[in-house]
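Subject: Structure handover

Hello,

Here is the structure you are taking over. My notes on what was found in it follow below.

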Amino acid sequence: MPTYTSEHPPVDTLTFLRESRADLLKQSDWTQSADSPLSDSKKAEWATYRQALRDLTDSYTNENSINDIVWPTRPE
């Protein structure tokens, strides 16, 4: 999962969360396409994961620490 390190310049929590989330969603776009090799149950797992990513901004503000973000578990 994405974490803040000294290699990255400091950013506010919501900016970091949104940018990281967008990357994770982009990486998992293939799971929802019609020609995905995944079974229907696996597609559903990925859809749930992707929704959990989208819902993250409901739980955090800029007052939270970047390292306190609890990322959803990616399906296997």
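Tryptophan 30 has a relative accessibility of 40%, so this residue counts as partly exposed. Tryptophan 46, at 4% relative accessibility, counts as buried. Please keep in mind that the model is predicted.

The structure holds 2 aromatic pairs. In one of them, the rings of tryptophan 30 and tryptophan 46 have centres 6.2 Å apart and planes at 55°, so the pair is tilted. Tryptophan 30 sits in the loop between helix 1 and helix 2, and tryptophan 46 belongs to helix 2, so the pair ties together parts that are 16 residues apart in sequence. Tryptophan 46 also forms an edge-to-face pair with tyrosine 49, at 5.6 Å centre to centre and 90° between the planes. These two residues both lie in helix 2, 3 residues apart, which is about one turn of the helix. Both tryptophan 46 and tyrosine 49 are buried. Trp30, Trp46 and Tyr49 form one aromatic cluster.

Serine 28 is also found in the loop between helix 1 and helix 2. Its relative accessibility is 2%, so serine 28 counts as buried. Not counting residues up to four places away in sequence, serine 28 touches Trp46, Tyr49 and Arg50. A polar atom of the serine 28 side chain lies 3.1 Å from the backbone oxygen of leucine 24.

Leucine 24 is one of the buried residues of helix 1, which also include Thr13, Leu14, Phe16, Leu17, Ser20, Arg21 and Leu25. Seen down the helix axis, the buried residues of helix 1 fall within an arc of 155°, so they line one face of the helix. Glu19 and Lys26, on the other side of helix 1, are exposed. Helix 2 (40-55) is among the parts that cover the buried residues of helix 1.

As for its length, helix 1 has 15 residues (13-27), which at 1.5 Å a residue should span 21 Å; the end C-alpha atoms are 21 Å apart, so the two agree. At the start of helix 1, a side-chain oxygen of aspartate 12 comes to within 3.3 Å of the backbone nitrogen of leucine 14.

The largest nonpolar core has 13 residues, and those with the most contacts inside it are Leu17, Leu53, Leu56, Tyr60, Ile69 and Trp71. Helix 1 and helix 2 each supply at least two residues of this core. Helix 1 gives the most, with 5 residues. Leaving aside neighbours within four places in sequence, tyrosine 60 is in contact with Leu14, Leu17, Asp68, Ile69 and Val70.

Regards

Methods: Residues numbered from 1 in each chain as written. Predicted model: local features only at pLDDT ≥ 70, side-chain atom pairs only at ≥ 80, totals over all residues. Heavy atoms only, no water. Helix = DSSP H or I, 4+ residues; strand = E, 2+ residues; numbered from the N terminus. Expected span 1.5 Å × (residues − 1). Buried < 20%, exposed > 50% of the residue type's maximum accessible area, 1.4 Å probe, protein only. Arc of directions from axis to C-beta. Contact = heavy atoms within 4.5 Å. Polar contact = N/O pair within 3.5 Å; in protein donor to acceptor, adjacent residues only side chain to side chain. Core = buried A, V, L, I, M, F, W, Y, C linked by side-chain atoms within 4.5 Å. Phe/Tyr/Trp six-rings, centres within 6.5 Å; stacked < 30°, edge-to-face > 60°.
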